[in-house]
Amino acid sequence: MVPSLPSGPLKVPGPEGFRTDLISCSPDFLDLTWDQLRTLIVVREAGTALAAAKVLGREQSSVQKQLDILNRNFQALTGELLVVKQGRGRDFLFTPTGLEVVERARATFADWLQGIANSRRRLGSTLTVGTTEFTLGFLGRVWERVAPQLLEREVELKVVHVRTSDFWKRLDSNQVDLLCGGLAADAAAEHVAPDYDFLEWHREGLALLTNLPVRELAARTVGVDRLRSLPLVIPSRGVITDFVERWYGPDFRSQLQIAAEIDDIYYGLALLRSRMTYGCMLCARSIGKAAVDGRLPAGDDFRLIDFADDFDPMLQLVSGVFARKGERETYDASHPLNILWDAFRDEAASGRPLPL
């Protein structure tokens with residue numbers, strides 16, 4: 001039976017309840033596309049249409065056409081162009097309106113991309129794990145435990161390299177779901193990361209890896225005062241720097257004899273191996289032991305010197321996996337984030353040595 005239609009004229013709901021400016025947007029505004037705005041941002045960062053075209057992987061004429069459309073539309077909307085050519089090979093001049101549009105477009109892109117990432121995270125279709133160089137092997141072993149289950153559900157695992165100095169920023173800004181790494185913590189501390197969910201898997205102290213001859217450094221341990229007189233190779237930032245700063249204060253560079261500052265452990269090993277520098281590199285004891293044992297590239301005469309127990313405070317390098325506090329509790333046990341977390345817990349409890 002066909003339902004009867006109401007008699008009289010058909011009434012269509014009006015725009016009541018909607019903002020008038022939303023309903024009556026200019027066609028010049030509605031014709032804007034994400035691609036055009038992305039092009040504008042890249043031109044602002046790259047400077048020229050040619051440089052932007054290389055970044056975007058398209059022809060210079062395509063970039064210029066989009067700029068022309070944007071200029072035409074915004075001149076109709078605001079009375080001002082967005083960009084002005086300044087001559088062959090010179091960067092575009094961005095007008096005040098152009099600069100404002102770029103900043104609004106950046107914010108809009110960031111907001112949308114974050115929203116998409118949040119939705120994917122909530123549904124569990126993507127997991128992003130940040131690791132330092134020396135925790136990547138541990139993640140690999142953990143992934144072996146859960147890979148068949150998560151791959152069957154088409155969960156995508158993304159792994160990103162994160163330096164210790166960027167840890168909390170990357171986690172707090174939702175750029176990663178889990179972080180694998182370590183921090184300097186008081187040896188007696190029970191809760192080393194109270195602002196985060198933290199699963200500990202290893203604790204150890206620091207040591208000195210040295211190429212100094214025995215006649216120059218015969219001691220088996222080095223205390224807080226002796227360390228001041230030794231030529232040191234230390235990272236320019238990161239967890240090792242945290243140790244030194246807590247022992248000697250923020251002006252530690254004026255109190256210690258720093259022979260070289262390095263960006264990563266492999267450069268430090270190469271520096272000592274080359275004999276361009278004679279000194280002592282501060283590192284986690286397990287890393288120094290791996291170098292002496294030949295599991296990392298080192299010199300034949302490298303030695304490992306332990307730290308004495310007179311440092312205040314006594315610190316340890318505590319390694320584990322970090323997550324945003326309370327986030328896992330909002331998901332059920334079958335969510336990929338919880339599955340991966342449980343796999344970390346099981347691997348930590350297995351007692352297997354840490355891979356390097």
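Predicted model: local features only at pLDDT ≥ 70, side-chain atom pairs only at ≥ 80, totals over all residues.
Helix 6 (residues 96-123) supplies the largest share, with 3 residues.

## Asn 71, tucked away

Asn 71 belongs to helix 5 (residues 60-78). With a relative accessibility of 11%, Asn 71 counts as buried, because the cut-off for that is under 20%. Beyond its neighbours within four places in sequence, Asn 71 touches Leu 81, Leu 82 and Val 83. A polar atom of the Asn 71 side chain also lies 2.7 Å from the backbone nitrogen of Leu 82.

## Salt bridges

Side chains of opposite charge can pair when their charged atoms come close. The whole structure has 21 salt bridges. One of them pairs Asp 35 with Arg 58, at 3.3 Å from N to O. That pair ties together distant parts of the chain, 23 residues apart: Asp 35 is in helix 3 (residues 34-46), and Arg 58 is in the loop between helix 4 (49-56) and helix 5. Asp 35 is partly exposed at 27%, and Arg 58 is partly exposed at 25%.

Arg 253 and Glu 261 make another salt bridge, with their closest N and O atoms 3.0 Å apart. Then there's Arg 352 with Glu 347, at 2.9 Å. Here Arg 352 is partly exposed at 42%, while Glu 347 is buried at 1%. Shared partners link Arg 141, Arg 145, Glu 347 and Arg 352 into one salt-bridge network.

Methods: Residues numbered from 1 in each chain as written. Heavy atoms only, no water. Helix = DSSP H or I, 4+ residues; strand = E, 2+ residues; numbered from the N terminus. Buried < 20%, exposed > 50% of the residue type's maximum accessible area, 1.4 Å probe, protein only. Polar contact = N/O pair within 3.5 Å; in protein donor to acceptor, adjacent residues only side chain to side chain. Contact = heavy atoms within 4.5 Å. Salt bridge = Lys/Arg side-chain N within 4 Å of Asp/Glu carboxyl O.
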